[in-house]
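Student: I am new to this structure and would like to go through it step by step. Could we begin with the terms?

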Amino acid sequence: MNWQWFHRLSSPKWFYQISERWLPWVMGVSLVLMAAGIYQGLFNSVPDYQQGESVRIMYLHVPTAFASMMFYMVMAIAAAIGYIWRIKLAHMAAISAAPVGAAMTFLALFTGAFWGKPMWGTWWVWDARLTSELILLFLYLGFISLHQAFEDREVGDRAAGVLAMVGVVNIPIIHFSVEWWNTLHQGATISKFEKPSLDPSMLIALLLMIFAVILFCSAIMMYRMRNEVLSRENNKSWVKEVVLGKQIGKMK
Amino acid sequence: MLGKLLRRELLRHWRCRQDLINPLIFFLITVSLFPLAVTPDGAMLSRIGNGIIWVAALLAAMLSLESMYRDDFYDGTLELLMLQSGSPYSVVMAKIISHWLTTGLPLVIMSPLLAVMMQMEGDAIGALMLTLLIGTPVLSLIGSVGMGLTVGLRQGGVLLSLLVLPLYIPILIFGAGAVSRAAMGMDYSGQLAFMGAFLLGSISLVPFASVAAIKVSIR
């Protein structure tokens with residue numbers, strides 16, 4: 001069997017070239033979906049029978065919360081691949097996913113606080129979901145600061161990779177321990193197995209926003225990865241060509 | 001092999017006894033700050049005492065992690081042990097067991113004294129000792145991963161708390177939860193079973209993570 005395609009996947013140069021072609025599409029589709037989702041969410045969907053207009057915070061809150069957990073998984077899987085097979089590109093992916101995920105976690109907490117104030121009458125409660133989301137933020141911050149504490153970037157990669165893998169074992173434990181401890185947050189409204197308990201117009205807006213946010217985060221992660229590739233491979237000839245070529249292009 | 005390594009660790013701890021006493025004094029002082037800051041009222045203290053003692057035990061266990069690897073790392077002993085003892089897992093296990101014997105166990109033994117100072121009653125004191133007995137080994141186990149990752153860093157201390165404390169949260173929830181159920185006269189065997197599950201799970205998984213962490217650091 002020909003394994004060339006597999007080795008090419010882990011080549012930073014290949015990633016840099018292919019992402020240059022993909023990025024405009026990922027970003028463009030995400031912005032279109034986001035525009036459609038915002039329109040649908042703010043103007044075209046019905047207000048909630050209980051929560052009124054303030055339910056519209058959901059269209060930002062749920063997607064960011066979803067992305068916050070998804071990008072932790074992306075980060076941990078990438079870190080595990082990088083740690084086990086010693087693939088540099090996978091470590092770069094993990095390092096680039098962390099700040100994106102941390103930002104989404106912060107946004108989910110922030111929008112949640114603004115939803116909680118009118119609904120529950122308080123900015124913050126020590127509820128299961130809120131607490132485990134806050135712990136998720138701490139795990140992201142620990143990963144980022146552990147990586148930055150090492151002077152040698154490759155040692156930092158491996159150390160932070162170990163932490164990400166330990167964290168992924170702990171996430172279900174933290175989630176369930178906190179859930180059994182205390183809960184006020186409403187349950188999930190979208191599930192694969194049941195008929196959604198949402199009005200169709202709300203569901204469309206929510207799904208549009210979820211896809212938009214995921215694509216947007218992926219695009220930001222790709223930008224970060226491209227920077228990471230350039231700064232780590234800065235002694236390679238192709239990087240010099242890319243950077244110098246761009247500067248010459250600007251001078252003209 | 002494990003026995004020899006363990007004896008070496010205990011001897012090393014015995015020779016710098018100050019490091020053993022400091023976490024205990026820290027434990028005592030932290031707990032005694034709360035009645036001064038919150039209220040000396042007995043009814044209130046007996047209600048929040050379980051949480052205070054658990055948090056203080058957790059912090060004391062975390063602060064003493066430093067003694068686990070740091071000296072051995074800086075004089076090169078850790079590297080030699082990892083290379084020459086045949087099994088890096090037994091090195092790590094010996095360090096974890098000796099850390100628990102020198103920090104966790106004294107905390108468990110000291111806890112009834114603090115529980116009485118916090119006006120806790122008979123049942124709750126028993127539950128507190130039992131949960132600490134199951135919980136402190138988990139603290140040593142998880143802490144060994146965080147310490148292994150940060151041992152080579154100059155600013156390791158603050159970072160260690162950022163890495164380790166989020167991972168300590170489940171054991172804190174169940175430990176303090178069991179004690180408060182016991183104080184209300186309810187059955188707390190469910191919480192104990194969970195803590196036992198955490199203990200068994202971390203005994204079987206943590207050595208791998210811990211060895212991986214040290215291998216990153218001693219490169």
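Tutor: Two residues are in contact if their C-beta atoms, placed from the backbone, lie within 7 Å. This is a predicted model, in which local features need pLDDT of at least 70 and side-chain atom pairs count only at pLDDT 80 or more, while totals for chains, interfaces and linings use all residues. Residues are numbered from 1 along each chain as its sequence is written, and chains are lettered from A and ligands numbered from 1 in the order in which they are written.

Student: How many residues does the contact take from chain B and from chain A?

Tutor: Chain B gives 20 residues to the contact and chain A gives 21 residues. On the chain B side, helix 7 (122-150), helix 8 (156-183) and helix 9 (189-217) each supply at least two residues. Helices here are DSSP runs (H or I, at least four residues), as strands are (E, at least two), numbered from the N terminus.

Student: Which helix of chain B has the largest share of that side?

Tutor: Helix 8 of chain B does, with 10 residues. Sorted by class, the side of chain B that touches chain A holds 17 nonpolar, 2 polar and 1 charged residues. Ala, Val, Leu, Ile, Met, Phe, Trp, Tyr, Cys and Pro count as nonpolar, Asp, Glu, Lys and Arg as charged, and the others, Gly among them, as polar.

Student: What are the scores of the model?

Tutor: The model has ipTM 0.87 and pTM 0.88. For chain B, the mean pLDDT (the predictor's confidence in each residue, from 0 to 100) is 90, and 100% of its residues reach 70 or more.

Student: How many helices and strands does chain B have?

Tutor: Chain B has 9 helices and 0 strands. Buried residues make up 47% of its 219 residues; a residue is buried if 20 or more other C-beta atoms lie within 10 Å of its own.

Student: Turning to chain A, at what angle do helix 5 and helix 6 of chain A pack?

Tutor: Helix 5 (residues 128-149) and helix 6 (residues 153-181) of chain A pack at about 170°, with their axes 10 Å apart. Axes are lines fitted to C-alpha atoms, for helices over the stretch in contact, and angles run from 0 to 180 degrees between N-to-C directions. The two helices of chain A are therefore roughly antiparallel, a term for angles over 145 degrees.

Student: Which residues meet there?

Tutor: Among them are A:L139 and A:F143 in helix 5 of chain A, and A:L163 and A:I174 in helix 6 of chain A. The residues of this helix contact divide into 12 nonpolar, 7 polar and 1 charged.

Methods. Buried ≥ 20, exposed ≤ 12 C-beta atoms within 10 Å, placed from the backbone. Parallel < 35°, antiparallel > 145°, perpendicular 65-115°, else oblique.
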